[in-house]
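Colleague: I am new to this model. Could you take me through some of its helices, one question at a time?

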Amino acid sequence: MQEVRQRAAPLVRLVRRHREPVVLQALRSAAAASLAYVIALRLSPEALPLTAPLTALLVVQVTLYATLTNGVRRVTAVVAGVVVAIVFSLLVGLTWWSLGLLIVASLGVGHLVRVDEYVPEVAISAMLVLGVTTVGDTAWARVVETLIGAVVGLGCNLLLPPPVWVEEAGESIEGLARRLRQLMLRIGEEAAGRTPAAQAAARLHEARRLDHDIVEVDAALRQAEESLRLNPRVREGLLHRVVLRTGLDTLEICTVVLRVLARSLTDLAKEREPHPLFPPATGEVVEQVLSEMADAVVSFAVLVTTHVSLNADAAEARLTAELRQAATTRDKLAQLLLEQLQHDARQWQLHGAVLTEVTRIIDELDTEHRSQRLLEELDRNSQEQRERRPWLYRLRRRLREPGRLRRKRSEARRSAG
């Protein structure tokens, strides 16, 4: 039995991986390119119409939103390059100096028609068409192949919706929160003892390096946001996008405040060296409050990335309890720092800065603060949609109006009965 399981293990892993976004995207791209090539063989006069599968491969992006936008720009870029090549072939033909002029003109046309990242494609298409002898036939054949590839790519994304990258973005956010937690724990442990200035400065550099992690998480989140747009698999895509985006914004603020806290502790270490940063009792409370805040950061990330209501309620309850405990410990720290100030007023500015930065992180993670930000962001997105596409907003209201009328009538009948 064990031998059978071992032999079947590779097959089981393959079955489990077939739904992963990377694997699914590779299969969709291969299918779109193959289908575009088969159709182009029948419709294009060329013997090897490779432009069609190439276009389909480029058009089938990781998200449906990118496919729609990139498909239009891709077709525009190729057609513009073909037109430029036809003009040059009729006027000057192919020479070393006309090739240079062709590239300059193609890049200029690409910027004029606003194809963004496909500007080089205008020049590439123009050079490929100009380099053949039967310019007219090849040019229009290339346009036909490009249209075939674009249509096949768009059709594949409509029939086989692209994968949703929300889970990967959630993992990135949780990974950032756990790295933030580890740094908080190290800072707290060192603040409780005798911390050399060089060691405190090392923690400050670690806090600064978290900025690079935020950039990577932001890239993963942008991909997830695009995967939610116009995707038939997803309901309430705007809500998912706003929840993840506001969650990352909060973690970014906490990262910035932690960096400022590390800066304050570094300055304090320089002034108090070789003595400890805080008296023993105060140092223990600093370590405790940073430990409780570190746990709250991870709980906040879990809450942001949890979509099941039951798990979300449990995560919110855990976060609320951890923040309540951290606030209690913070108040204790404030009392100890006040007592210390009465005996020794030196470095009171830095002590006050530490207390302020701890309070800021606790306030940013507060559930009520998060709910308020969610509502504000949803209102802002709705306002932008109304201003950008007023016709779509009016259409949605008309579609929803019959349902609202039915609900009001049923409520009126229930109240009358």
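Colleague: Is histidine 351 buried or exposed?
Modeller: This is a predicted model, where local features need pLDDT of at least 70, side-chain atom pairs count only at pLDDT 80 or more, and totals for chains, interfaces and linings use all residues. Residues are numbered from 1 along each chain as its sequence is written, and side-chain values use heavy atoms, with hydrogens and water left out. Buried means under 20% relative accessible area, exposed over 50%, and partly exposed in between, with a 1.4 Å probe and protein chains only. Histidine 351 has 5% relative accessibility, so it counts as buried.

Colleague: Which residues does histidine 351 touch, not counting those up to four places away in sequence?
Modeller: Contact means heavy atoms within 4.5 Å. By that test, histidine 351 touches Leu268, Leu277, Phe278, Leu337, Gln340 and Arg346.

Colleague: Where is histidine 351 placed?
Modeller: Helices (H or I, at least four residues) are DSSP runs, numbered from the N terminus. Histidine 351 falls within residues 348–365, which is helix α13.

Colleague: How far apart are the end C-alpha atoms of α13?
Modeller: The expected span is 1.5 Å times one less than the number of residues. With 18 residues, α13 should span 26 Å, and this agrees with the distance between its end C-alpha atoms, 26 Å.

Colleague: How does tryptophan 348 count by relative accessibility?
Modeller: Tryptophan 348 also has its place in helix α13. Its relative accessibility is 48%, so tryptophan 348 counts as partly exposed.

Colleague: Why do α11 and α13 count as roughly parallel to each other?
Modeller: Axes are lines fitted to C-alpha atoms, for helices over the stretch in contact, and angles run from 0 to 180 degrees between N-to-C directions. Angles under 35 degrees count as roughly parallel, over 145 as roughly antiparallel, 65 to 115 as roughly perpendicular and the rest as oblique. Helix α11 (residues 280–305) packs on α13 with the axes 10 Å apart, at an angle of about 25 degrees. Therefore α11 and α13 are roughly parallel.

Colleague: Which residues of α11 and α13 make the contact?
Modeller: From α13 come Val358, Ile361, Ile362 and Leu365. From α11 come Val289, Met293, Ala296, Val297 and Phe300.

Colleague: What is the arrangement of α5 to α6?
Modeller: The axes of α5 (residues 96–112) and α6 (residues 119–130) come within 8 Å and cross at roughly 140 degrees. That angle makes α5 to α6 oblique.

Technical notes: Helices (H or I, at least four residues) and strands (E, at least two) are DSSP runs, numbered from the N terminus.
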